Amino acid sequence: MNNNKPLLTPQMLHEYQKELVMHQLTHDCSMLWVQMGLGKTPVTLTTIVDRMRAGQVKKTLIFGPLRVIQAVWAREARKWSHTQHLRFSVIHGTKEKRARALFADADIYLINYEAMNWLAETLDHYYLSQDKPLPFEMVVYDEVSKLKNSTTLRMAGGKRDRKDGRGEPVTIKVTGWRKILNHFKYRTGLTGTPASNGYLDLHGQFLSVDGGERLGEYITHYKDSYFTSDYSGWNYSPTELGKQWIEFKISDITKKMDAADYLDLPDCKVTNIMVDLPASARKAYEEVEKNMFTQLDSGQEVEVFSRSSVSNKCLQFCNGSPYLSSESPDYESVHDAKLDALEEVLEEAGGAPVLCSYTFKSDAERIMKKFKKLKPVNLTQTKSADTERIINDWNSGKIKLLIGHPASMGHGVDGLQDTGSILVWFGLNWSLELYEQMCGRLNRQGQKKPVSIIRILCNDTVDLAVADAIERKTDDQESLKNALQRYRDGITTNDLSVNFF
């Protein structure tokens, strides 16, 4: 779609973001503990460009969750005048595809954490074993908390049992990232939740950034220095003096920012997470939008019998589970793009309670199934007599994921703002009233934290038309028609919110 929105300039960075850039630039090894939605990505892109202009960096390696490396970094770079020129190579797929992407000519190379051992082995084979310098000067760990355990094969390396082509068991040697990390001059870690499970989580993260300079190279020494264990030796707790020493040792390279500490931040921050429809789902979506009919890969048929119902059916495709007909509760899952994005939000929330709004019952069922380990609660399906108990459990921290339909979140659902400040829209609906009502569950009197409203939207779909209508604060029939027409004309862009992170 056409994007007529002017490019953002470095001068439009918030003051706190400029402070973060300076922290990265003045520390070869740095750690940013920055709350969700405050713009770690444009900050780090700015740092990369500044180091490139200074001749310090030619190529940068970025680790991150798969959806983030595929959709977030390059899209964010295209929004800014000083980063739009950056060339990206995504290292993903088969070994052959990964190798081609690794040796492609680019400025920034993106790879998911699951491929870290492969990359360590490849870099060792082509460079270190031949006494050649790595092709990268800088490494960025997006969601560095994924490296919290320094003893895993991912970090430490070791041996792994596998089966060969004949099904016979074989033991292979795995190259750990620890062998590679000190060959990067510039290293930075990004996370919103550095220690969701306590101080033990910090060792692996700082090891990946400073090579063990601050908290030591080995977890055993780290535990012996700052922790005490229970009688069985399984559970470790930091001593009070240990906490002070850990915080002191990491303080020089760590920048911690909470939204509540900065006056130039809005009390309510809207962030759009953009996801892409997989190819098969995109094909079915476009067929329904154009012809009101499609056949799914499974052979099931989806048909819409009135033009006025097409946009609603398209929203179901965006969320990942269209109903087969308007008369039946049967639906089929066609993609998990939004579920994967929600999973990343929950990981970054680090145990903080998350309220999630859904549009269709199929959304609710899939969310409840996907995150059953969190023991989520669907407030919409809760009996009225149990509502107060559920809200009390939420406020006591027992519920990490609470979901609900906006139509059921009216009067009688009070107190959610006492604990929660994160609202995720799994899918938007056309009602401005319901949108504002749902947002009001957290963004209301009594809320002590800035509220993060995170909207998971599908690129180049009717999701953008709904968000456009909401931005214009209209939901009358004529306005909805205009929003749909703007979407079809390619006028609606991905950058719907005045908040650009």
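Is Arg-67 buried or exposed, and what is its relative accessible area? Arg-67 is buried, with a relative accessible area of 13%. Buried means under 20% relative accessible area, exposed means over 50%, and partly exposed lies in between (1.4 Å probe, protein chains only).

1. **Ground rules.** This is a predicted model, in which local features need pLDDT of at least 70, side-chain atom pairs count only at pLDDT 80 or more, and totals for chains, interfaces and linings use all residues. Residues are numbered from 1 along each chain as its sequence is written, and side-chain values use heavy atoms, with hydrogens and water left out.

2. **Salt bridges.** A salt bridge here is a side-chain nitrogen of Lys or Arg within 4 Å of a carboxyl oxygen of Asp or Glu. By this rule the count comes to 26. Helices (H or I, at least four residues) and strands (E, at least two) are DSSP runs, numbered from the N terminus.

3. **Arg-67 and Glu-344.** These two form a salt bridge, and their closest N and O atoms are 3.0 Å apart. The pair links distant parts of the chain. Arg-67 sits in helix α3 (residues 66–71), Glu-344 in helix α14 (residues 337–349), and 277 residues separate them. Glu-344 counts as buried too, at 15% relative accessibility.

4. **Lys-146 and Glu-347.** Here is a salt bridge with the closest N and O atoms 2.7 Å apart. This pair also links distant parts of the chain, 201 residues apart. Lys-146 is in the loop between β5 (138–142) and α7 (153–156), and Glu-347 is in helix α14. Lys-146 is partly exposed, with a relative accessible area of 29%. Glu-347 is partly exposed at 36%.

5. **Glu-217 and Arg-178.** The closest N and O atoms of this salt bridge are 3.7 Å apart. Glu-217 lies in the loop between α9 (202–210) and α10 (219–226), and Arg-178 lies in helix α8 (residues 178–181), so the pair ties together parts that are 39 residues apart in sequence. Glu-217 is partly exposed, at 41% relative accessible area. Arg-178 is partly exposed as well, at 24%.

6. **A network.** Salt bridges also link Lys-59, Arg-87, Asp-105 and Asp-107 in a network.

7. **Helix α12.** This helix (residues 279–291) has 13 residues. From first C-alpha to last it reaches 18 Å, close to the 18 Å expected at 1.5 Å a residue. The expected span is 1.5 Å times one less than the number of residues. Which residues of α12 are buried? They are Ala-281, Arg-282, Ala-284, Tyr-285 and Val-288. They cover an arc of only 165 degrees around the axis, which puts them on the same side of α12. The arc is that of the directions from the helix axis to the C-beta atoms. On the other side, Ala-279, Lys-283 and Lys-290 are exposed. Met-292 follows α12, and its phi is positive, near 65 degrees.

8. **A nonpolar patch.** Leu-241, Trp-245 and Phe-248 make a nonpolar surface patch of about 350 Å². Patches are made of residues with over 30% relative accessible area and no salt bridge: like charges are joined within 9 Å, nonpolar side chains (Val, Leu, Ile, Met, Phe, Trp, Tyr) within 5 Å. Trp-245 is found in helix α11 (residues 240–250). Trp-245 is partly exposed, at 40% relative accessible area.

9. **Lys-372.** This residue is in the loop between α15 (361–370) and β16 (377–378). Lys-372 counts as exposed, at 61% relative accessibility.

How values were computed:
Areas by Shrake-Rupley, 256 points an atom, 1.4 Å probe, with all protein chains shown as cover.
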